[in-house]
Amino acid sequence: MNSPQSVTRVIQILEALCASPRPLSLADLSRALETPKSSLAALLRGLADTSFVVAADGLYRLGPGAFGLGSALLEARRRVQSSDLIRDGMRRLAERSEETVLFAVRDKDAGMITYVDVIESRNTVRFSVAFGDRRPLYNTAGGRALLATDPEEELQNYLRRLKPEQQAPQTETDKKKLAEAIAAARASGVAQTIDQAADGVTGTASVIHDATGAVIGALVVAAPSSRLTDRRVELARLVREEAAAISRSLGYRAAGPA
């Protein structure tokens, strides 16, 4: 366990065992981590020696060492504000994208999002929004990303009540097409809008989860549409990656093998 790759694999093993509702075999871990059994076996022996995993009948589960570390990490996390972790991720995304980055939270009752944090692009021509500005859910990337996490019945109730307004020349007001755009965001994990909330503005957004799995807001990159003709795929990847990284820093772990 003396190489960076070994350290990474140890972390992946612990995360896989943490996410799984049942003990996992060596074959299960090999498939989940796409790593040869021979490479994992030695690491598992070392983890068992330090009580980070417990092996029984060819199956592995987390041991008391892992739970002790988990308790220590939770205590350390209490000393770090969630807003600081989100802000750190926003800075990384702003540097990688070179565009304005926003964090938006949802007001379900009003059908709106509120921008509660902003890091503006350094470009002379950039998208600018003030802290506390509000926008509708249906015509913003952040709003659509959040709507995409709703149960289908809840989403349909929202669409039935919705009275979309033409806020820009290209604003989509057809509810069927809005439903299709939200479904696409649900499938991809990213919502993108072009000239929807304002003429000449493109948005790309993905949601952030906390340790309980709850959606706490949307991470958004917003920029002039004229600059993003060839960058939509790249921005979708960057936003998805950074939203996932922030979620992980907040303690969120996606479901593992069943």
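**View 1. Six strands line up in an open sheet with the order 6-5-4-9-8-7 and antiparallel pairing.** Strands here are DSSP runs of E with at least two residues, helices are runs of H or I with at least four residues, and both are numbered from the N terminus. Two strands pair if DSSP finds at least two bridges between them. At the edges are strand 6 and strand 7 (191-194), each pairing on one side only. Neighbouring strands of this sheet are turned by 30 degrees against each other on average, direction ignored. For such angles, axes are lines fitted to C-alpha atoms, for helices over the stretch in contact, and angles run from 0 to 180 degrees between N-to-C directions. Helix 9 (residues 232-249) packs on the sheet and touches strand 7, strand 8 and strand 9; contact means heavy atoms within 4.5 Å. The direction of helix 9 makes about 25 degrees with that of strand 8.

A note before you go on: this is a predicted model, in which local features need pLDDT of at least 70, side-chain atom pairs count only at pLDDT 80 or more, and totals for chains, interfaces and linings use all residues. Residues are numbered from 1 along each chain as its sequence is written, and side-chain values use heavy atoms, with hydrogens and water left out.

**View 2. Strand 5 has pairing partners in strand 4 and strand 6.**

**View 3. Look inside for the largest nonpolar core, with 25 residues.** A nonpolar core is a set of buried Ala, Val, Leu, Ile, Met, Phe, Trp, Tyr and Cys residues joined through side-chain atoms within 4.5 Å. Buried means under 20% relative accessible area, exposed over 50%, and partly exposed in between, using a 1.4 Å probe and protein chains only. L102, I113, L147, L155, Y158 and L162 touch the most other members. Among the elements giving two or more residues are strand 4 (100-107), strand 5 (112-119) and helix 7 (152-161). Helix 6 gives the largest share, four residues. Leaving aside neighbours within four places in sequence, L162 is in contact with Y138, K175 and L178. A second, separate core of 17 residues includes V101, V221, I246 and L250.

**View 4. Helix 2 (residues 26-33) packs against helix 3 (residues 37-49) at an angle of about 115 degrees.** Their axes are 10 Å apart. Helix 2 contributes L26, A27, L29, S30 and L33 to the contact, and helix 3 contributes K37, L40, A41 and L44.
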